Amino acid sequence: MPANALVGRDAQIVELESVLERARAGHGGAVLVSGEPGIGKTSLLQAVASRAAGVSVVAVAGFEAESTIPFAAVQRLAIPLSGRLAVLPERQRQALAIAAGRADGPPPDRFLVGLGLLGLMGAAAAEQPLVCVVDDAHHLDVESLDALGFVARRIESERIALLFAGRPDPAVARRLAGVPERTLPGLPTDAAVRLLRRSTAEPIDPAAAAAIVRALGGNPLAIVDLAGDASAAELAGWGLADRPVPVGPRLEAHYLRQVAAVDPLAQAWLLLAAADSAAGLDVIGAAADRLGIDPDAGSRAEAAGLVALSGTVRFRHPLVRSAVYTAASGVDRRRVHRALAAAATGLGRTELEAWHSAQATPGPDPAIADRLEHAADLAARRGGFASRASVLARAAELTAPGRRQADRLIGAAEAALVVGAVQVAADLLGRVDPAVLDPVLRARCTVVRYGIALFTADPDILRRGTAMLIEAADGFHDHDPVREQQTLLMAFESCVVADRLMDGVTPDELGERMAAAAALADGPTADILCGLGALIRLPYDRAVPPVRAALDRIRRLPEPDAMQLGTAITALTTFLADVDERDAALDRCAAAARAAGALRSLDTVMWLISLTQLTGGTVRRAAECVEEVRGIRRSMGYDSEQVVNPAVIAWTGGPRELVRQIGAAAAAGGFGGVTAVATWSLAVRDLAEGRYPDAYRLLRPQIMEPFLQVTPVQFPDFVEAAVRSGHADEAVTRVEEMDRRAAVNGSPWYRGLAARSRALIAPPGEAEPHYRSAVEALAGTGALIDLARAHLLYGEWLRRVRRRGEARRELTSARDLFERGGGEIFLGRVRGEIEATGAAGTTADEGNPLGLTAQELAIARRAAAGQTNAQIAGALFISPNTVDYHLRKVFAKLAVSSRRQLSDRLGGPAAG
């Protein structure tokens, strides 16, 4: 339809065409047009796309019958783009093939499928600007909607325009978060009157016409259809009457009269199409043949203006389909669903067959429920966990009450939780009859409830989560030892989340239970449990060997398994004070998550890196990881403003009160680990600013109530705070413990921290060798901030013994390292010390001296490390064109013209 045939839509046409124009210029964008049925969404998008010159157009529409088939819409959309598959990395090609059911393999993450789709669309747009029209988005399968939402949020530097249309639906808006939504209103009164008068055979009174279009809400399809069905006199009578215009019933009756006007076989064909308009003409034709409906029946329905045929069936209006389907008896509806199920079977459409069989069944049916469960398993293999949840839920409806029904409901809840559909998971659990649960099913329910609590921040469950999960592990005991072990691994993670707020069980009791479970079955989880249990229970020297063995086992795991173990890796490496292994292992997890497109896993790992870099790393890397987490959250459609790391805020000079508030809110929500980190980071801030009594006051309660592997890492800060606030006697025992641990673990980092702490408690004449040892040990690590602090303390000591020249050298080294590592909160203290030596305390530019944004810096560092644009795009979940766009800006800002120059300018950084 040409755009000028649309009445009253000039403003909307201009807005959508501006999206296309920006895309032509390389600034891609997306828009969601929402509105009620018949309001003109489809006509608007088709009109804009049809008159766009010099662009390629691909289109896909959602169908209700495909809404439970994972990646169904992506599969159809990828067909016209499939000629560009060769440009994609192998992992992305494989993900698209598995999602489409064309290949076997590990279920792909929906965001990896989205990255592959982005690559296909980007390759097409490199040849010619691409317009992608997605109609009836409310009927898209969840996986496709997530993938398309991912694409829409990553095309800012692409020649791509994504135009979505759908009915108002909170679920669609949530999954397309970040895509501007425009609600399409009814036509303005003057335009609607023009349309009504143009559509009637005879003139109509202007006042009556205005009243009618107001009553119809300016809905253009309702206006056209009523005008074609009623006489001018009838319309005038409705418009001038006191009673409302019977829009809904009138339209439905109008469409039913049109249906009744075609022959009985065409009516029967329409009922088949209404039962599944998405199945394709091949399925509908096969079903029609089974019911004795002649092949031309669909053409006669099209000639009557009720449907349009083009590979699939599109009804003139949703009310046409609704009228046909609801007017049929239950017997007739089930009959056509049985025919469609049989046709789908004959064509090898397993999932479609299961769906129609379910619709054809009025009550519990074990055989069909089994087939639905099989379809749910197929969905899971393709990465369609949202579809698995809905199909299993339907299978449960067709299952007689009892254990089997409960099993399917719990399975559906587990699948819903995988994709973050927390309320769906909770609703499914609410339908489970507790009376039929055996120990294993009850344990599975408990695990899902804890997972829900993590999403919803339920403080009671988070505090009791470790005890709950131990109880769940008891339910698996003697039934499923592998699941028992996995649940206890979750219990350890729960313990870390709750920290000192953990209720109902002690860390020692958890450690004993983990050690007992480790003996139940051999395998990686057993070794990891053994190491974590030793970390909790055993004296340090006896715990180190099993902890090392656990880390070695993790190192040998396949990447998809290892990337789920960030918490265990962090705990084990922290216990050993092995910052090199910690950083390498977490970076491997992040790389694996990127390669798999597992954004949730990547989110978790990058959050852990942002925390761990504050001990034995750099503040700058920690802050960059927080920015990357924000980008990941935006890619998933979440609000990135909710990404707040209190430790990074404290270390980068953010408001103290904000850090305190975050810590207090975390405690109220049951996240004791976040509270502890916030308190610790404020203590470090106090140390940096010379507020030693305040630091001592914050740290002492944590030191006196030690928690697992974390507390020994806090010893150096506590020693400094205690010595400088007049409590040196309390520091001695901590230093002795650090020396013992350093002798056992062999960590250069911890040996350096122990030497630094030993120097603080040593008599003035004996301190210097310890300071030198600290600097020497820490210089061989990547712990720039800890090395800077060693130089600072040594410089302070040298100044106090009046060796000012040497002090100045140490303090200058400290200043330079703090600037490199992002430890600006210490620069005031350093500056004061340098000035006290008689030199000027100036510093280099603080903050980001390069003037790059967080994304530009991330891209620049990867480019400097030798990664190609395609590799950078895959790692950061953006398109190669976006990488190129930002690199050109980086080169201009830094006045460089090659990647070699870029590497020199950045100091040869490594990709994170």
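This is a predicted model: local features need pLDDT of at least 70, side-chain atom pairs count only at pLDDT 80 or more; totals for chains, interfaces and linings use all residues.
How are H35 and H36 oriented to each other, roughly parallel or roughly antiparallel?

**View 1. Helices H35 and H36 meet along their lengths in a left-handed crossing.**
Helix H35 covers residues 656-669 and helix H36 covers residues 672-688; their axes come within 7 Å and cross at roughly 160°. Angles over 145 degrees count as roughly antiparallel, and H35 and H36 are therefore roughly antiparallel to each other. The crossing of the two is left-handed. On the H35 side, the contact is made by Arg-656, Val-659, Arg-660, Ile-662, Gly-663, Ala-666 and Ala-667. H36 answers with Val-674, Thr-675, Ala-678, Ser-681, Leu-682, Arg-685 and Asp-686. Sorted by class, this contact of H35 with H36 has 7 nonpolar, 3 polar and 4 charged residues.

**View 2. Helices H23 and H25 pack with their axes 12 Å apart.**
Here is another helix pair to look at. Two packed helices are described by the angle between their axes and the distance between the axes. For helix H23 (residues 439-456) and helix H25 (residues 481-498), the angle is about 30° and the distance is 12 Å. Since angles under 35 degrees count as roughly parallel, H23 is roughly parallel to H25. The crossing of H23 and H25 is left-handed. H23 contributes Arg-444, Val-447 and Tyr-450 to the contact, while H25 contributes Arg-483, Thr-487, Met-490, Ser-494 and Val-497. By class, the contact between H23 and H25 has 4 nonpolar, 2 polar and 2 charged residues.

**View 3. Five strands form an open sheet with parallel pairing.**
To find your way across the sheet, follow the strand order E2-E3-E4-E1-E5. Strand E2 (56-61) and E5 are the edge strands, and each pairs on one side only. From one strand to the next, the twist averages 20°. Inside the sheet, strand E3 (residues 130-135) and strand E4 (residues 160-166) pair in the parallel sense over 5 bridges. A handy landmark for this pair is Leu-130, which stands opposite Ile-160 in E4. Helix H1 (residues 10-24) packs on the sheet and touches strand E1 (29-34), E3, E4 and E5. The direction of H1 makes about 150° with that of E4. Helix H6 (residues 142-152) also packs on the sheet, touching E1, E3 and E4, and its direction makes about 140° with that of E4.

**View 4. Ala-59 is a residue of strand E2.**
At 56% relative accessibility, Ala-59 counts as exposed, because exposed means over 50%. Apart from its neighbours within four places in sequence, Ala-59 is in contact with Leu-77 and Val-133. For a sense of scale, Ala-59 and Trp-797 are 738 residues apart in sequence and 72 Å apart in space, C-alpha to C-alpha.

**View 5. Val-179 sits in the loop between helix H7 (170-175) and strand E5 (181-183).**
Although Val-179 belongs to a loop, it counts as buried, with 11% relative accessibility. The cut-off behind that call is simple: buried means under 20%. Setting aside neighbours within four places in sequence, the contacts of Val-179 are Ala-30, Val-31, Leu-32, Ala-152 and Phe-164. Val-179 and Leu-162 are 17 residues apart along the chain, and their C-alpha atoms are separated by 9.5 Å.

**View 6. Gln-92 has its place in helix H4 (residues 90-99).**
Is Gln-92 buried or exposed? At 9% relative accessibility, Gln-92 counts as buried. Beyond its neighbours within four places in sequence, Gln-92 is in contact with Leu-112, Leu-115 and Gly-116.

**View 7. Strands E6 and E7 form a hairpin with 1 residue between the strands.**
Strand E6 (residues 307-310) and E7 pair in the antiparallel sense over 4 bridges. At the hairpin, Gly-311 takes a positive phi near 85°. The side chains along strand E7 (residues 312-315) alternate.

Conventions
Residues are numbered from 1 along each chain as its sequence is written. Side-chain values use heavy atoms; hydrogens and water are left out. Buried means under 20% relative accessible area, exposed over 50%, partly exposed in between (1.4 Å probe, protein chains only). Contact means heavy atoms within 4.5 Å. Axes are lines fitted to C-alpha atoms, for helices over the stretch in contact, and angles run from 0 to 180 degrees between N-to-C directions. Angles under 35 degrees count as roughly parallel, over 145 as roughly antiparallel, 65 to 115 as roughly perpendicular and the rest as oblique. A crossing is left-handed if the near helix is turned anticlockwise from the far one by less than a right angle, and right-handed if clockwise. Ala, Val, Leu, Ile, Met, Phe, Trp, Tyr, Cys and Pro count as nonpolar, Asp, Glu, Lys and Arg as charged, and the others, Gly among them, as polar. Two strands pair if DSSP finds at least two bridges between them.
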